[in-house]
Amino acid sequence: MSFALFAEQLLNGVQFGLMLFLMAAGLTLVFGVMGLINLAHGSLYMIGAFFCAAAAAATGNFWLGLIAGLAAAAAAGAIIEVVVIRRLYARGHLDQVLATFALILILSEAVRMVFGPFPLYLSVPPELRGSVNLGGGVSYSLYRLALIGFGIATAIGLWVLIARTRLGIRIRAGESDREMIAALGVNIKALYTVVFALGAALAGMAGALVGAIQSVQVGMGEPVLILAFVVIVIGGIGSIKGALVGALLVGVIDTMGRFLLPRFFSLFLDTSQAMGVGAALASMLIYVLMALVLVLRPKGLFPAHG
Amino acid sequence: MAEPVLDIRGVSKSFGALRATDDVTLTLVPGEIHALIGPNGAGKSTLIALICGGLRPDAGSIHFRGQEISGLSVAQRARLGLGRSFQISSLIPEYSARRNVMLAVQARLGHPYRFFRNVQRDAGLTGPAMEYLARVGLERRAHILASELSHGERRRLEIATALALEPAAFLFDEPMAGMGAEGARELIGFLDELRREAPILLVEHDMDAVFALADRISVLANGRIIASGSVHDIRNDPEVRRAYLGEEGA
Amino acid sequence: MADARRETIVNIVLAVALFVVPAVAYVIDEPFFITLATRVAILALAGVGLNLALGLGGMVSFGHAAFFGLGGYVAGVLAHHAFSGTPVFWGIPGTNQMIIIWIVAIVLSGMLAAIIGALSLRTSGIFFIMITLAFAQMLFFFTLSWPAYGGEDGLPIFVRNQFPGLNTMRIWELFLLSYAVLMIAILLFRMVRNARFGAALMAIRQNPDRAAALGISPFGVKLAAFALSGMITGLAGAMMADLTRFVSPAMLAWQMSGELIVIIILGGVGRLFGPVAGAGILVAFEVFFGGITEHWQFWLGLVLLGVVLFARGGLIGLIAGRDRHG
């Protein structure tokens with residue numbers, strides 16, 4: 001195992017973690033502000049990917065596709081919030097789970113109806129193809145490096161938005177005291193729609209960006225959604241900082257586990273057996289991490305509310 | 001004086017910079033009603049939570065029937081014989097009055113891991129439940145859901161469930177709240193008798209009730225006991241008048 | 001009390017209908033409908049398990065597919081080793097006897113549920129939902145990447161496992177067996193609900209602080225209910241494996257957990273026969289609308305959304321009114 005390979009996997013882990021962060025940030029924001037669990041968040045990820053792929057294919061330009069994907073996810077989020085989600089804030093978690101589960105069924109089939117049953121392919125934009133030399137013999141995919149850049153920029157942007165803007169102040173107020181911000185004359189309904197659409201846009205962006213390195217298909221969102229749940233449980237629900245730390249932990253541990261465990265087992269098992277055992281155990285690693293966090297800190301690493 | 005059932009010594013609890021409970025020492029001895037009064041925000045709720053197990057003290061000890069209970073859970077303290085009523089009626093809303101009391105009888109009789117016998121036909125539960133309901137005058141409302149009882153009836157059901165635990169000490173959190181003059185008078189008579197079964201720590205806003213019932217009164221202000229003594233002592237304590245009666249009784 | 005009587009009538013109608021439909025199909029030789037009825041019975045059984053945790057205990061588990069799948073893999077793996085004559089491990093042989101398979105499935109599912117429950121019940125609400133979902137996903141990925149039993153291709157059961165006195169290859173006899181197990185499970189559910197344990201469990205769902213103040217420890221009671229719930233759903237998984245003669249990671253997928261919740265909701269949360277009604281509706285929907293359009297899940301989603309937003313209480317709730325525990 002060379003240093004270059006190790007470094008490449010580590011960077012892959014960071015890249016994966018940052019994409020998970022985009023998902024988890026929206027989920028945790030929606031929970032923190034509105035107290036809602038949204039299973040359909042993965043559908044918004046899928047919508048972002050599909051619209052990006054379709055628009056990129058139509059225009060021949062990835063960046064126009066990315067904008068289309070982001071806009072489609074945000075619009076879908078806003079519509080869903082106004083039509084369905086809004087009625088669920090005062091309901092129990094069971095109703096929220098069911099209604100958003102129903103939304104997954106509806107949105108998945110709707111995407112199938114619009115885009116057909118086959119996966120779409122989205123290619124990396126030409127200016128980001130190839131790889132760059134990072135020194136020390138490490139060469140790394142330019143596109144994945146750009147994803148890392150995107151992820152960091154979004155994390156900073158989100159932090160600025162929440163810490164420094166009027167919208168951010170309202171979001172923070174909404175997390176601590178709903179009646180108060182209503183009393184201050186903030187249009188709480190509009191605020192909720194904006195927050196939900198913001199979360200949707202982040203999910204759509206993640207879907208579009210990842211769509212270029214995976215295939216774009218119905219059902220692509222839910223595995224990522226469940227990983228984002230793991231991220232939130234580890235990081236602490238409602239906390240953006242927790243989402244970032246949790247996402248990086250999950251991304252790096254998952255990627256490195258898949259990379260290192262089969263190699264570890266091949267030290268004393270034959271190769272094919274080691275691959276099987278290593279892969280199976282690696283797939284469980286992050287859940288073991290989640291269980292550990294639950295035992296040691298049931299509210300996550302960065303509990304947002306007391 | 002007799003050996004105290006409940007013995008709280010030097011208990012403190014802080015939330016950040018706020019000392020919600022500050023070096024509180026308090027006892028409850030057999031046969032007495034010990035009233036705990038104090039203005040809003042004095043720290044009564046925190047003290048109750050410390051006694052019942054909702055919170056853990058930062059310092060001090062709480063002995064109940066001779067045993068240190070600071071480390072025990074709410075359920076463990078209840079099983080030791082601490083019977084509480086809630087400030088805001090906190091019953092099982094979809095259970096009838098009788099089932100609410102049956103649940104308390106069941107809890108007293110022991111572990112809940114019985115999977116087969118139908119509770120509705122279990123005379124060991126229904127019989128005692130009806131007796132406790134009768135003691136608070138609710139026997140004819142036995143089959144009404146708790147959520148459909150009137151406010152006063154719910155308060156009485158609270159008392160009946162506390163009775164059903166047959167506890168070694170009662171902790172009543174504002175049992176008079178919202179009771180109306182007639183209901184309050186009845187309840188005062190009832191608690192007056194009840195102290196013979198088990199001592200009562202009575203947290204109450206209704207001063208008439210407190211002065212009518214209490215053997216001892218402790219006054220809580222800013223988390224500290226500022227005075228403790230007989231009804232007479234408390235009425236004439238200048239500090240109490242300033243801190244508490246002054247603002248309320250003017 | 002009129003509502004309770006009406007619910008009893010609905011229950012009897014459901015029990016009779018689930019028997020009569022395949023019986024008629026048997027007489028006129030339409031085995032397809034017997035298979036469907038068996039599927040309904042087994043899904044309902046899995047639902048009865050979940051109903052114990054969700055309906056009585058208020059624990060919204062989005063991970064019951066883990067127990068369903070574990071039960072399925074117990075059946076698949078034991079049958080696989082019985083067929084090939086190889087030991088499972090340490091010389092323990094496989095088996096093709098349903099009774100033994102069921103016992104193993106129940107025990108292992110109960111243990112898994114106890115572990116997942118002990119971790120998940122440290123939290124509540126939204127956390128609980130996400131954690132149960134995540135643990136089920138963990139087992140899903142495990143079966144997907146563990147190559148010994150087929151990985152993502154799944155594991156066929158070449159010869160259906162056996163039950164003394166029955167020919168399980170005949171679908172009608174397999175139906176009778178499934179129906180009997182379902183009815184026993186419903187009776188058990190009813191007994192538990194009416195017993196002290198059920199009284200404590202339902203009280204904890206409604207007001208955990210109250211239960212604790214009475215001396216009933218919420219954690220222990222909920223954990224016991226969760227384990228029991230997992231056992232029943234695990235048994236259903238073992239039976240489903242024998243019906244389809246195939247197990248695959250799909251049994252542990254998150255969609256399966258969602259389907260089980262849907263079954264409970266469509267029928268009516270906490271209702272004795274709710275899972276039967278819910279499983280019946282779901283399978284009927286799938287068969288009839290699935291025959292008309294490949295996008296039937298779109299319509300299922302709309303119906304489900306409508307039920308959640310406008311018809312709380314499910315089918316039995318619509319017919320029999322509010323749920324009461326006098």
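Visitor: Why is strand β7 (residues 169-173) of chain B largely enclosed by the rest of the structure?

Guide: This is a predicted model, in which local features need pLDDT of at least 70, side-chain atom pairs count only at pLDDT 80 or more, and totals for chains, interfaces and linings use all residues. Residues are numbered from 1 along each chain as its sequence is written, chains are lettered from A and ligands numbered from 1 in the order written, and side-chain values use heavy atoms, without hydrogens and water. Buried means under 20% relative accessible area, with a 1.4 Å probe and protein chains only. Strand β7(B) is largely enclosed because five of its five residues are buried. Strands (E, at least two residues) and helices (H or I, at least four) are DSSP runs, numbered from the N terminus.

Visitor: Which residues lie on each face of β7(B)?

Guide: In a regular strand the side chains alternate between the two faces of the sheet. Here B:A169, B:L171 and B:D173 are on one side and B:F170 and B:F172 on the other, all buried.

Visitor: Which strand does β7(B) pair with over four bridges, and in what sense?

Guide: Two strands pair if DSSP finds at least two bridges between them. β7(B) pairs with strand β8 (residues 200-203) of chain B in the parallel sense, and B:F172 stands opposite B:L202. Four bridges also join β7(B) to strand β6 (residues 82-85) of chain B, again parallel; there B:A169 is the bridge partner of B:L82.

Visitor: How many residues of helix α10(C) are buried?

Guide: For α10 (residues 254-267) of chain C, 12 of 14 residues are buried, among them C:W254 and C:M256. C:G268, with a positive phi near 130°, follows the helix.

Key:
Buried means under 20% relative accessible area, exposed over 50%, partly exposed in between (1.4 Å probe, protein chains only).
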